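Please keep the sequence and the three-dimensional view at hand while reading.

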Amino acid sequence: VNPFTLKGIAARGVMDLMFESLTMGSLDEPMSMYGLLAKDMMLAPDRLSITFRLRPEARFNNGDPVTAEDVKFSFDTLRGKAASPVWRNYWADVKDAVVVDRQTIRFNFLRKNRELHMIVGAVPVFSKKWGSQQGQDKPFEQWIQDYPIASGPYVIERMDLGKSIRFKRQANYWADNVPTRRGQFNFETITFRSYKDEFA
């Protein structure tokens, strides 16, 4: 259930139903983005950094608030060697992520790029506690069957490794009234089943 490493094949639905980013794009507006975890954002006049301020109501599925530390942790972890190199390539022009305060994070760029502010807005965010649910910290590449602590509308209700996964909608999903989420995710449960027979 870790879609960010090279180890194994992540279960269907985990990425789309459990993880959220700072912003969301619009399918009919290619160069636009709207806040999701981020309440607002400010691109520097020189276009070499962008600052995001998080929504205070944003919560992970364990009830913890989403903080700038979590955003930085997610970004740094995905740029590390334990994650798929796709993410490092994706953010190659990002110098670093800096926590300004509990609700504010700034991404500094190495060079100007007219799409980079939208690219960093799409950072998938997860809790720092994800890898230490059993009372011990594990390397990121070993977070394989630990259910993600993320902010999306669904949590894993049941999983039969390699066969099926069932998601349950959170009754108290934090973003029900956020404009970029309103009216979506109306199914109480979603199940994906895997079949080894491709013709099935």
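The model discussed here is a predicted one.

Arg47 is found in the loop that links strand 4 (38–43) to strand 5 (49–54). Its phi angle is near 60°, a positive value in a residue that is not glycine. Most residues other than glycine have a negative phi. Phe185 also has a positive phi, near 55°, and is likewise a residue other than glycine. The position of Phe185 is in the loop between strand 10 (164–169) and strand 11 (189–193). Is Phe185 buried or exposed? With a relative accessible area of 18%, Phe185 is buried, because the cut-off for that class is under 20%.

## Strand 7 and its partners

Strand 7 (104–109) is mostly covered, since five of its six residues are buried. Which way do strand 6 and strand 7 run relative to each other? They run antiparallel, and six bridges join them. The two strands form a hairpin, with two residues between them. Within this pairing, Val99 stands opposite Ile105 of strand 7, and Asp96 stands opposite Asn108 of strand 7.

Strand 7 also pairs with strand 5, again in the antiparallel sense, over five bridges. One of the facing pairs consists of Arg53 and its bridge partner in strand 7, Thr104. As a general point, the side chains of a regular strand alternate between the two faces of the sheet.

## Salt bridges

Side chains of opposite charge can pair when their charged atoms come close. How many salt bridges does the count give? The count comes to eight, and three of these pairs are described below.

Lys72 and Asp76 meet through their side chains in a salt bridge, with a distance of 3.0 Å from N to O. Both belong to helix 2 (residues 68–78), and because they are four residues apart there, about one helical turn separates them. Lys72 is partly exposed, at 26% relative accessibility, and Asp76 is partly exposed as well, with a relative accessible area of 34%.

Asp93 forms a salt bridge with Arg111, and their closest N and O atoms are 2.3 Å apart. Asp93 lies in the loop between helix 3 (85–90) and strand 6 (94–101), whereas Arg111 lies in the loop between strand 7 (104–109) and helix 4 (116–121), so this pair ties together parts that are 18 residues apart in sequence. Arg111 is partly exposed, with a relative accessible area of 43%.

A further salt bridge joins Arg166 to Glu157, with 2.5 Å between the closest N and O atoms. Arg166 has a relative accessible area of 25% and is partly exposed. Glu157 is partly exposed too, with a relative accessible area of 37%.

## The surroundings of Asn2

Asn2 is placed in the segment before helix 1 (14–18). At 4% relative accessibility, Asn2 counts as buried. Which residues is Asn2 in contact with, leaving aside its neighbours within four places in sequence? They are Ala10, Trp130, Phe140, Trp143 and Ile144.

Two of these contacts involve the polar side chain of Asn2 and a backbone oxygen. A polar atom of the Asn2 side chain lies 3.5 Å from the backbone oxygen of Phe140. The side chain of Asn2 also reaches the backbone oxygen of Trp143, at 3.3 Å.

## The largest pocket

Rolling a probe the size of a water molecule over the atoms shows where empty space is left. In this model, the largest pocket holds about 440 Å³ of space. Its lining is made up of 21 residues, and those nearest its centre are Ile9, Ala10, Ala11, Leu161 and Gly162. Ala10 is also one of the residues in contact with Asn2.

Which strands each supply at least two residues of the lining of the largest pocket? They are strand 9 (154–160), strand 10 and strand 11.

Conventions. Residues numbered from 1 in each chain as written. Predicted model: local features only at pLDDT ≥ 70, side-chain atom pairs only at ≥ 80, totals over all residues. Heavy atoms only, no water. Salt bridge = Lys/Arg side-chain N within 4 Å of Asp/Glu carboxyl O. Buried < 20%, exposed > 50% of the residue type's maximum accessible area, 1.4 Å probe, protein only. Pairing = 2+ DSSP bridges. Polar contact = N/O pair within 3.5 Å; in protein donor to acceptor, adjacent residues only side chain to side chain. Contact = heavy atoms within 4.5 Å. 1 Å grid on protein atoms, 1.4 Å probe; cavity = no way out; pocket = protein on both sides within 12 Å on 5 of 7 lines; lining within 4 Å. Points joined across faces, edges and corners; volume = space filled by probe spheres on them.
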